[in-house]
Structure formats: structure tokens, C-alpha cells
Amino acid sequence: MIESDKREIPELQASNDLPLGALLDLFSAHAGAPLVFNYQGRSVKPGYHVTEVKAGRFEGLDCGANPEAWSEVFVQLWDVDESGRTHMPAGKFAAIIGKVAAHTPLDPAAKLTFEVSDGVRPIALHRAASARLAGDAIHVALEPRAASCKPRDRWLEAQSTLSGCCAPRAACCA
């Protein structure tokens, strides 16, 4: 049993995404803890399944015609409740990912996307925003993965470090 800790774990909070490697480290350290994913204001049902794990390397152009490349791991969660089941232990989730990694290379720093559906509603894309220990369980907060304009995002980041006349001008969707 895990000692109760209502605080967010600072190293497992991210402004963008939590990487797969950081989550697996936490899950391995607390392998017996129930793993609960929270999304859209609720927790996944105790009988949820990891129905698919896939990895890919993507290359493309953003809306400013800048080349982009990244690795991404997709974990599909089927949010169902099967009688008598409890939330999956964190160690079982880590073992599932380990089995996938034995067949498909997984980058621990890859962007991590959760595809969540109850089997009725369409799959919704989420990112892991934070993970925390609460009571005896690990809770992973999933937030919707929103579309973004990468040139605008880079411009806003530059804006936060520069001021006045030296700030760059937006170069979005040129």
C-alpha cells in the first residue's frame, strides 16, 4: 500500500506532455498501486482495457512551411466496467508497455497520446498532463489534446523571453 500523498508530484507535471519514460518510472516504483486515468471530469471505469499501443515517427510541414519531426506513442484505453474487476495495477500497465517495447522500439521521450473511448462514443485524443499519488492509487490526469499552430507557439515562447522593440513578429501561417 502506498502512503497517502495528496500533492502533485512536481517531476510529473508538464506544461505540454508527460513523457512515457517518466510515467513508466513512477508506475514501476509503485507497481501494486491501482492505476486510474481521469478525463472529462471522471475516472475510467475499473474494468478498463489497454486495447492497443502503437508508436510512430512523423515528419511533415507546419502551417508556416517549417519542417517538423517527432516520435509519438499512442495508448488506446477502452473505458468499460467488467463485473468484479478493479483498476489495473500500475505494474501491469508497465508490463504491457514492456511487451510492446520488445516488438516495437518505443522512445521514452516520445509524445504520448491517449485515445479514450467507451466503445460507444468516438475516440477522443488526450495528453497526460500530470500524475499523482492519492491514497493508495496513482491518478493520471488526461486533458484533451488540442490543435495548435507551431509557428505561433514558438513566437509566443520567444515573446516571453524578449520585450519591447526587440520582440519578434508573428510568423504564422505564411
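## Exercises on a predicted model

Alanine 65 sits in the loop that joins β4 and β5; helices (H or I, at least four residues) and strands (E, at least two) are DSSP runs, numbered from the N terminus. This is a predicted model, in which local features need pLDDT of at least 70, side-chain atom pairs count only at pLDDT 80 or more, and totals for chains, interfaces and linings use all residues. Residues are numbered from 1 along each chain as its sequence is written, and side-chain values use heavy atoms, with hydrogens and water left out.

### Exercise 1: serine 43 and histidine 126

Describe the surroundings of serine 43 and then of histidine 126.

*Solution.* Step one: serine 43 belongs to strand β3 (residues 42-43) and is partly exposed, at a relative accessible area of 35%. Step two: leaving out residues up to four places away in sequence, serine 43 touches Val36, Phe37 and Asn38, where contact means heavy atoms within 4.5 Å. With asparagine 38, the link is a side-chain to side-chain polar contact of 2.6 Å. Such a contact is a pair of N or O atoms within 3.5 Å; within protein, one must be able to donate a hydrogen and the other to accept it, and residues adjacent in sequence count only if both atoms are side-chain atoms.

Step three: histidine 126, in strand β7 (residues 124-134), is buried, with a relative accessible area of 0%. A polar atom of the histidine 126 side chain lies 3.2 Å from the backbone oxygen of alanine 124. Beyond four places in sequence, the contacts of histidine 126 include Tyr39, Gln40, Phe114 and Arg145.

### Exercise 2: helix α2

Which face of α2 do its buried residues line, and what covers them?

*Solution.* First list the buried residues: Ala90, Phe93, Ala94, Ile97 and Val100. Seen down the axis of α2, they fall within an arc of 115° and so line one face of the helix; the arc is that of the directions from the helix axis to the C-beta atoms. The face turned away from this buried side carries the exposed residues Lys99, Ala102 and His103. Finally, the cover over the buried residues includes α1, β2, β4, β5, β6 and β8.

### Exercise 3: confidence

Find where confidence is lowest and where it is highest in the protein chain.

*Solution.* Begin with the average: the chain has a mean pLDDT of 86, and 84% of the residues score at least 70. pLDDT is the predictor's confidence in each residue, from 0 to 100. Then go by element: strand β1 (residues 8-13) is lowest, at a mean of 44, and β2 is highest, at 97. Over residues 1-11 the pLDDT is below 50, although this stretch has 23 contacts in the model beyond near neighbours in sequence. Where pLDDT is low, the predicted coordinates should not be read in detail.

Definitions and conventions: Buried < 20%, exposed > 50% of the residue type's maximum accessible area, 1.4 Å probe, protein only.
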